[in-house]
Amino acid sequence: MFQSTIGEAEDRLCSKCGSNPSLGVEAAVPESENPEGNPVSTEAPTAAGKQRSPVRKRRRSYVMLKILGSWLLLLVFLVFATKWFFNDLPETRTPATTGQPEEKASAEDIALKQEAANPCNQTFANFIAATTPEGHNQFVIDPIQTAARMSRFYSLNPMANIDPSGLTLRDLGVVHLPGQRAVETYWTLMDGRTLDAVFIKQNDEWLLDWEHFVRFSDYPWALFLAGSGDSEGEFRLLARERLADERKGTNTISMVLYAPRFGHANETGPQSPEFLVKRDSSNGKLLEKAFALERSGKRVFDVQLPSINPEGLIRVRVKVRRHDETTGRSFELVDVVACHWYSSNNPGLVISDQPPAK
């Protein structure tokens, strides 16, 4: 409209500079204004973006945190749900890995456990509360025969310090001994120790198998290995087969013996030198069968309680002879009396050329 003739634009002024366009003079547009009439920012666009970014970043951070938190909660839930689900599947539990028995207890065994639970608890509490061998002797099986062995044992071994008030019965199972049934129990103490005790009914009383409980041996194993005491004795020990896979084709079993640690079932005491036992001997056959039974997750006398021995170790009663010679000290495995610690001379297993012991 400003290209019209001078006469027509005479009274018109520029809306930007206020000059008469008819004069042909171009006025500079103020730098503070843009062609739209809005103020022009003196900051670069990037600067303006930076001024607004903290709010946007905070909003984005909150959203991302919520998303991550939701995923973490979902993952934790899935982990625990999966663990719970698979732990409850019976087929995934094997005695060798979880210690759970394969077979369920019979109705007779269940009734026996219910009958024996309270009396065994009372007997054990009274036994532990006693402070002398004479006091202990009132609550053990075969007290007359046990008295002399108990006196000798405590003269060589310290009496265990146990607080009866801290005893908790953890588990209970039946032992099918030849001609009778016993009850085996696991107990926990406030200090974390674990005790296992066996009770047998005699004269209508549930009494403690003391030799099993204290792991009775004729002499302390550590002292015997060091050359002290008689040259031959009977010991309750833990046995481990060495190089079982590597020695499958050989005619001997390589074995070492350990003293058990009272109250610490997962630990072992002093270790013996290596024993080589011929596989075709009665001792070799018995040991081979006992180690195979342990690998299968089962126990002698159909005991349904899980083993608390360290993995790969079996309980044995053995006779060992020490040879003190000028050339050095050596040891000989004389006999494997039993593959358990119960006060029974039955070996616990039957081998082909050996009739069952009565």
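Entry: Strands here are DSSP runs of E, at least two residues long, and helices are runs of H or I, at least four long, numbered from the N terminus. β2 covers residues 180–188 and is joined to β1 by 9 bridges, with the two strands running antiparallel. I count two strands as paired if DSSP finds at least two bridges between them.

A note on the source: this is a predicted model, with residues numbered from 1 along each chain as its sequence is written. Local features need pLDDT of at least 70 and side-chain atom pairs count only at pLDDT 80 or more, while totals for chains, interfaces and linings use all residues; side-chain values use heavy atoms, leaving out hydrogens and water.

**Entry: the sheet.** In what order do the 4 strands of the open sheet come? I read β1-β2-β3-β4, with antiparallel pairing. The edge strands, each pairing on one side only, are β1 (168–177) and β4 (205–208). From one strand to the next, the twist averages 30°. Helix α3 (residues 107–129) packs on this sheet and touches β1, β2, β3 (194–202) and β4. Contact here means heavy atoms within 4.5 Å. The direction of α3 makes about 60° with that of β4; axes are lines fitted to C-alpha atoms, for helices over the stretch in contact, and angles run from 0 to 180 degrees between N-to-C directions.

**Entry: the hairpin.** I then followed β3 into β4 and found a hairpin with 2 residues between the strands. Asn203, in the turn, has a positive phi of about 50°. The two strands run antiparallel and are joined by 4 bridges; Ile200 has Leu207 as its bridge partner in β4.

**Entry: aromatic rings.** How many aromatic pairs does a search of the whole structure find? The search gave me 15. Rings of Phe, Tyr and Trp (its six-membered ring) pair if their centres lie within 6.5 Å; planes under 30 degrees apart count as stacked, over 60 as edge-to-face and the rest as tilted. Phe124 and Phe213 are edge-to-face, 5.4 Å centre to centre with 90° between the planes. Phe124 is in helix α3 and Phe213 in helix α6 (residues 210–214), so this pair ties together parts 89 residues apart in sequence.

Is Phe124 buried or exposed? Phe124 counts as buried because its relative accessibility is 0%. Buried means under 20% relative accessible area (1.4 Å probe, protein chains only), exposed over 50%, and partly exposed in between. Phe213, at 4%, is buried too. I also noted one aromatic cluster made of Phe124, Phe127, Trp187, Phe199, Phe213 and Phe262.

**Entry: the cores.** Which members of the largest nonpolar core touch the most other members? Of its 42 residues, they are Trp221, Met255, Leu257, Leu287, Val320 and Leu333. Such a core is a set of buried Ala, Val, Leu, Ile, Met, Phe, Trp, Tyr and Cys residues joined through side-chain atoms within 4.5 Å. Helix α8 (residues 282–295) supplies the largest share, 5 residues. Apart from this core lies another, of 27 residues, including Phe124, Met150, Trp187 and Phe216.

**Entry: the whole chain.** Of its 358 residues, 35% are buried.
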